[in-house]
Amino acid sequence: NSSLPEVGGDAALYVNNCLDSRELESAMTDMLEMADEKYKELQEQGLRQSNKFSRQECAEKTLDLITCRGK
């Protein structure tokens with residue numbers, strides 16, 4: 001129900017209910033206790049995920065939307 005999974009992909013840890021303090025605590029604990037290998041893997045996935053986005057492409061798509069060039 002948000003764009004976070006699209007942005008974070010498999011390179012992020014998610015919670016179902018950000019208002020549930022126990023769920024947030026559990027996710028933070030999981031992150032702090034994560035094995036070094038898994039942490040490094042998430043870092044690498046994060047870099048790969050970030051390469052899917054560019055400012056130039058965002059600007060072009062926004063301009064297309066504003067000027068109706070995309071139709």
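This is a predicted model: local features need pLDDT of at least 70, side-chain atom pairs count only at pLDDT 80 or more; totals for chains, interfaces and linings use all residues.
Reader: Let's start with α3. What should helix α3 span, and how far apart are its end C-alpha atoms?

Author: Helix α3 covers residues 36-50, which is 15 residues.

Reader: Which residues are buried in α3?

Author: Leu 42, Gln 45 and Gln 49 are the buried ones. They sit on the same side of α3, because the arc they cover around the axis is only 65°.

Reader: And which residues are exposed on the other side of α3?

Author: Asp 36, Glu 37, Leu 47 and Arg 48 are exposed there.

Reader: What do the buried residues of α3 pack against?

Author: They pack against α1, residues 4-8.

Reader: What does Gln 49 touch, not counting residues up to four places away in sequence?

Author: Gln 49 touches Glu 6, Val 7, Gly 8, Gly 9 and Ala 11.

Reader: What is Gln 45 in contact with, leaving aside neighbours within four places in sequence?

Author: Gln 45 is in contact with Asp 10 and Ala 11. Ala 11 is also among the residues that Gln 49 touches.

Reader: Salt bridges next. How many does a search of the whole structure find?

Author: The search finds three salt bridges.

Reader: Which residue meets Lys 38 in a salt bridge?

Author: The side chain of Lys 38 meets that of Glu 41, at 3.8 Å from N to O. Lys 38 and Glu 41 are three residues apart in helix α3, so about one helical turn separates them.

Reader: What about Lys 40, which residue does its side chain meet?

Author: Lys 40 meets Glu 44 in a salt bridge, 3.6 Å from N to O. Lys 40 and Glu 44 are four residues apart in helix α3, again separated by about one helical turn. Lys 40 is partly exposed, with a relative accessible area of 49%. Glu 44 is partly exposed as well, with 37%.

Reader: Where is Glu 57, and which residue does it meet in a salt bridge?

Author: Glu 57 is in helix α4, four residues from Lys 61, and about one helical turn separates the two. Their side chains meet in a salt bridge at 3.0 Å, N to O. Glu 57 is partly exposed at 36% relative accessibility. Lys 61, at 53%, counts as exposed.

Reader: While we're on α4, what should it span?

Author: Helix α4 runs over residues 55-67, 13 residues, which should span 18 Å at 1.5 Å a residue. The end C-alpha atoms of α4 are 18 Å apart, in agreement.

Reader: What follows α4?

Author: Cys 68 follows, and its phi is positive, near 60°.

Reader: Surface now. Which residues make the nonpolar patch?

Author: Leu 13, Met 31 and Tyr 39 make it, and the patch is about 270 Å². Of these, Met 31 belongs to helix α2, residues 21-32. Met 31 is partly exposed at 37% relative accessibility.

Reader: Last one. Where does Asp 20 lie?

Author: Asp 20 lies in the loop between α1 and α2. At 30% relative accessibility, Asp 20 is partly exposed.

Reader: How far apart are Asp 20 and Leu 4?

Author: In sequence, Asp 20 and Leu 4 are 16 residues apart. In space they are 18 Å apart, C-alpha to C-alpha.

Terms used. Residues are numbered from 1 along each chain as its sequence is written. Side-chain values use heavy atoms; hydrogens and water are left out. The expected span of a helix is 1.5 Å times one less than its number of residues. Buried means under 20% relative accessible area, exposed over 50%, partly exposed in between (1.4 Å probe, protein chains only). The arc is that of the directions from the helix axis to the C-beta atoms. Contact means heavy atoms within 4.5 Å. Patches are made of residues with over 30% relative accessible area and no salt bridge: like charges are joined within 9 Å, nonpolar side chains (Val, Leu, Ile, Met, Phe, Trp, Tyr) within 5 Å. Accessible areas come from the Shrake-Rupley method with a 1.4 Å probe; for residues, only the protein chains shown count as cover. A salt bridge is a side-chain nitrogen of Lys or Arg within 4 Å of a carboxyl oxygen of Asp or Glu.
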